[in-house]
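Subject: Structure handover

Hello,

The structure is below, with notes on what was found in it. Please read the conventions along with the findings.

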Amino acid sequence: MTEIRCECGQRLRMPDAHRGKRVACSSCSKPLRVVSPGLEPNTAPLDRMLTIVEGPMFVGERIFIGGNYPIRIGKRPDSHIVLSGDLVSRRHCELVPTDTGWRIEDRASTNGVYVNDERTPGHDLRHGDRVRLGEFHLLYVITSRPSDSEETATAFAIEDRVDESE
């Protein structure tokens, strides 16, 4: 199980079987996903996420990130985070874990990685950074960690087949 806190404030437990899949918050029904390659069992709750604020699909989805390995982003189906856009490269970029959070690194994408409207080969992400990958605009957010005294709900799965026009 992985613990996260939805932006609505609900503390959620995500079964390991749901990692990488779109699920819905049991309180507000907003879409979210946990991407955490190499995450050890019984680790601290995830408190870093990317929110898709603009793009051809999945606007509003929150992607909680964690783990000990880089997270691949691109349009290839074997990417950890698949962004199917005309301006997104197959292997667009990676999120690399650091001692203090995450670093985004361009992987020789055609259209580049932009953080706060500046093209960059790499950038240590900070709360509130705006990231553009092709036609997708994402917001990097550090959420508050759930406390042990809070009530916890379980996220429920959204159908595996999702309408990409969202």
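Asp-117 counts as exposed because its relative accessibility is 61%; buried means under 20% relative accessible area, exposed over 50%, and partly exposed in between, with a 1.4 Å probe and protein chains only. Asp-117 sits in the loop between strand 11 and strand 12, and its phi is positive, about 70°, although it is not a glycine.

This is a predicted model, in which local features need pLDDT of at least 70 and side-chain atom pairs count only at pLDDT 80 or more, while totals for chains, interfaces and linings use all residues. Residues are numbered from 1 along each chain as its sequence is written, and side-chain values use heavy atoms, with hydrogens and water left out.

Asn-116 is also in the loop between strand 11 (113-115) and strand 12 (118-119). Its phi is near 55°, again a positive value in a residue other than glycine. At 26% relative accessibility, Asn-116 counts as partly exposed.

On the chain as a whole: the secondary structure comes to 0 helices and 17 strands. Helices (H or I, at least four residues) and strands (E, at least two) are DSSP runs, numbered from the N terminus. Of the 166 residues in the protein chain, 48% are buried. The accessible surface is about 8600 Å², and carbon and sulfur atoms hold 45% of that; areas come from the Shrake-Rupley method with a 1.4 Å probe, and for residues only the protein chains shown count as cover. Taking contacts (heavy atoms within 4.5 Å) between residues at least 6 apart in sequence, 51% join residues at least 24 apart.

Glu-7 gives a local case. Its place is the loop between strand 1 (2-5) and strand 2 (11-14), and at 48% relative accessibility it counts as partly exposed. Leaving out residues up to four places away in sequence, Glu-7 touches Met-49, Thr-51 and Arg-62. Glu-7 and Arg-62 are 55 residues apart along the chain, and their C-alpha atoms are separated by 8.8 Å.

Last, the surface charge. Arg-72, Lys-75, Arg-90 and Arg-91 form a positive surface patch. Patches are made of residues with over 30% relative accessible area and no salt bridge, with like charges joined within 9 Å and nonpolar side chains (Val, Leu, Ile, Met, Phe, Trp, Tyr) within 5 Å. A salt bridge is a side-chain nitrogen of Lys or Arg within 4 Å of a carboxyl oxygen of Asp or Glu. Arg-91 lies in the loop between strand 8 (81-82) and strand 9 (93-97) and counts as exposed, at 56% relative accessibility.

Regards

Note on methods
Lys and Arg count as positive and Asp and Glu as negative; His and the chain ends are not counted. The place of a charge is taken as NZ of Lys, CZ of Arg, CG of Asp or CD of Glu.
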